[in-house]
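This report describes selected features of one protein model. The sequence and the structure come first, and the description follows.

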Amino acid sequence: RHQRRPVCLSPRWDQQAMAAALWTDLKGQVSKMKSTHLRTLMADQVRNDAMYVASGQLVLDYSRQKVDTETMSKLFELAEKAGVEQKKQQMFSGEKINETEGRAVLHCALRAPRSASIAVDGQNVVPEVWKVLDAMKGFSDKVRSGEWKGFTGKALSDVVCIGIGGSYLGVEFVYEALKTDPEAAAAASGRKLRFLANVDPIDVQRALEGLNPETTLVVIISKTFTTAETMLNAKTVKAWLVKAMGEDCVAKHVVACSTALDKTKAFGIDSNNVFGFWDWVGGRFSVWSAVGVLALSLQYGFGVVNSFLEGGHAMDEHFQKAAAKENLPLILGLLDVWNGSLLGYEGVAILPYCQALLRFVPHIQQLDMESNGKGVQMDGTPVAVPTGAINFGEPGTNGQHSFYQLMHQGRVV
């Protein structure tokens with residue numbers, strides 16, 4: 001899902017004439033699909049079977065979308081003419097496809113195997129990724145085993161993560177998703193992980209409630225160590241630690257995910273306990289970096305988190321190699337273009353029926369809506385069509401007793 005829309009698909013590419021013609025052709029499909037009832041589409045079993053695709057244990061059934069095989073053929077052709085395959089390969093090869101900031105887009109490198117080679121400016125970044133992963137494994141193992149002790153000699157069983165946006169939403173989502181996984185739950189026995197994002201003092205109170213400073217480790221997540229909300233909360237929690245144990249406790253109780261070593265040192269953090277990441281990691285993808293891996297490894301152990309990384313890599317491989325008609329991220333991206341930019345639907349309901357996914361919607365809201373919050377194309381001209389939709393939702397059974405009636409019986413949808 002994190003790779004739903006690798007490029008903004010509106011007709012503006014080198015093959016502009018062909019793409020524009022296809023876009024016009026797709027507009028012709030809109031009236032046909034809007035006047036066709038879903039029951040009619042679902043009566044075509046050949047169509048339904050073609051819209052059931054899988055990768056590993058993940059299954060995508062998009063047969064209930066307002067598309068027929070002709071519509072999908074035109075969407076796949078649009079992706080081809082738009083150069084999606086080329087742009088995909090540019091991303092995986094480390095080219096600087098983030099033209100606005102002049103950066104590569106390489107969250108895929110964060111979950112690449114140790115043997116992989118992905119170059120930025122001619123340098124393989126995978127060894128550096130694994131250097132940080134190894135350091136986080138070593139540190140989290142020491143904390144979890146009790147080898148790393150707090151200032152008063154007690155083991156650190158509780159962790160408070162201070163961060164906001166991508167430094168919080170994705171990490172909390174995965175934390176909640178793994179809570180009831182048998183292996184992860186067993187590994188987390190006796191441990192607590194809490195998050196502090198809001199500058200409202202009530203959030204600080206809730207994050208620290210019932211915790212003992214002597215057994216608490218604080219993880220401050222800020223690449224520049226200047227994020228206003230994060231640093232205000234960091235200073236507040238530091239004062240809580242210092243009040244209980246004195247100024248000298250900070251090095252034993254505070255670590256960071258940052259690249260600003262001068263600022264972390266001034267804060268009192270041991271430079272050996274600062275875990276870095278790179279400018280080619282977009283904030284909305286940072287759960288795959290030290291931002292997510294450190295906190296989740298402290299709670300669940302590095303082995304569980306490594307399985308998460310391997311799952312991400314498996315989807316990267318699928319996205320990179322699978323044929324268009326079997327490519328889950330590409331299909332989801334094209335359906336977003338169809339629903340949002342062509343049919344004009346302004347909302348996407350995300351309705352997970354598994355309670356473990358209760359924080360999935362806020363994560364996707366940032367992942368998708370921050371990615372697509374664009375008003376101009378790369379050449380500076382205005383985008384002529386909607387670039388995304390508003391994501392909203394709630395775990396399914398709660399939603400059924402909340403907003404489903406308006407969707408099913410009202411006139412908004």
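## Basis of the description

The model is predicted; local features need pLDDT of at least 70, side-chain atom pairs count only at pLDDT 80 or more, and totals for chains, interfaces and linings use all residues. Residues are numbered from 1 along each chain as its sequence is written, and side-chain values use heavy atoms, with hydrogens and water left out.

Helices (H or I, at least four residues) and strands (E, at least two) are DSSP runs, numbered from the N terminus.

An open sheet is formed by 5 strands in the order 6-5-7-8-9, with parallel pairing; two strands pair if DSSP finds at least two bridges between them. Strand 6 (192–196) and strand 9 (274–275) stand at the edges with a single partner strand each, so one side of each has no neighbour in the sheet. Helix 10 (residues 228–245) packs on the sheet and touches strand 5 (158–162), strand 6, strand 7 and strand 8. The direction of helix 10 makes about 160 degrees with that of strand 7. Contact here means heavy atoms within 4.5 Å, and angles run from 0 to 180 degrees between N-to-C directions, with axes fitted to C-alpha atoms, for helices over the stretch in contact.

Strand 7 (residues 216–221) pairs with strand 8 (residues 254–257) in the parallel sense over 4 bridges.

## Helix pairs

Helix 7 (residues 169–178) packs with helix 16 (residues 360–370) at an angle of about 150 degrees, and their axes are 8 Å apart. The two helices are therefore roughly antiparallel, a term for angles over 145 degrees, with under 35 roughly parallel, 65 to 115 roughly perpendicular and the rest oblique. Leu169, Gly170 and Phe173 of helix 7 meet Phe360, Pro362, His363 and Gln366 of helix 16. These contact residues divide into 4 nonpolar, 3 polar and no charged; Ala, Val, Leu, Ile, Met, Phe, Trp, Tyr, Cys and Pro count as nonpolar, Asp, Glu, Lys and Arg as charged, and the others, Gly among them, as polar.

The axes of helix 5 (residues 84–92) and helix 14 (residues 302–321) come within 10 Å and cross at roughly 145 degrees. Helix 5 contributes Glu85, Lys88, Gln89, Met91 and Phe92 to the contact, and helix 14 contributes Asp316, Phe319 and Gln320. The division is 3 nonpolar, 2 polar and 3 charged.

## Single residues

Most residues other than glycine have a negative phi, and most peptide bonds are trans. Aspartate 121, in the loop between strand 3 (119–120) and strand 4 (123–124), has a positive phi near 55 degrees. Aspartate 121 is exposed, at 63% relative accessible area. Phenylalanine 225, in the loop between strand 7 and helix 10, has a positive phi near 60 degrees. Phenylalanine 225 is buried, at 5%.

Valine 46 belongs to helix 3 (residues 45–50) and is exposed, with a relative accessible area of 66%.

Note on methods:
Buried means under 20% relative accessible area, exposed over 50%, partly exposed in between (1.4 Å probe, protein chains only).
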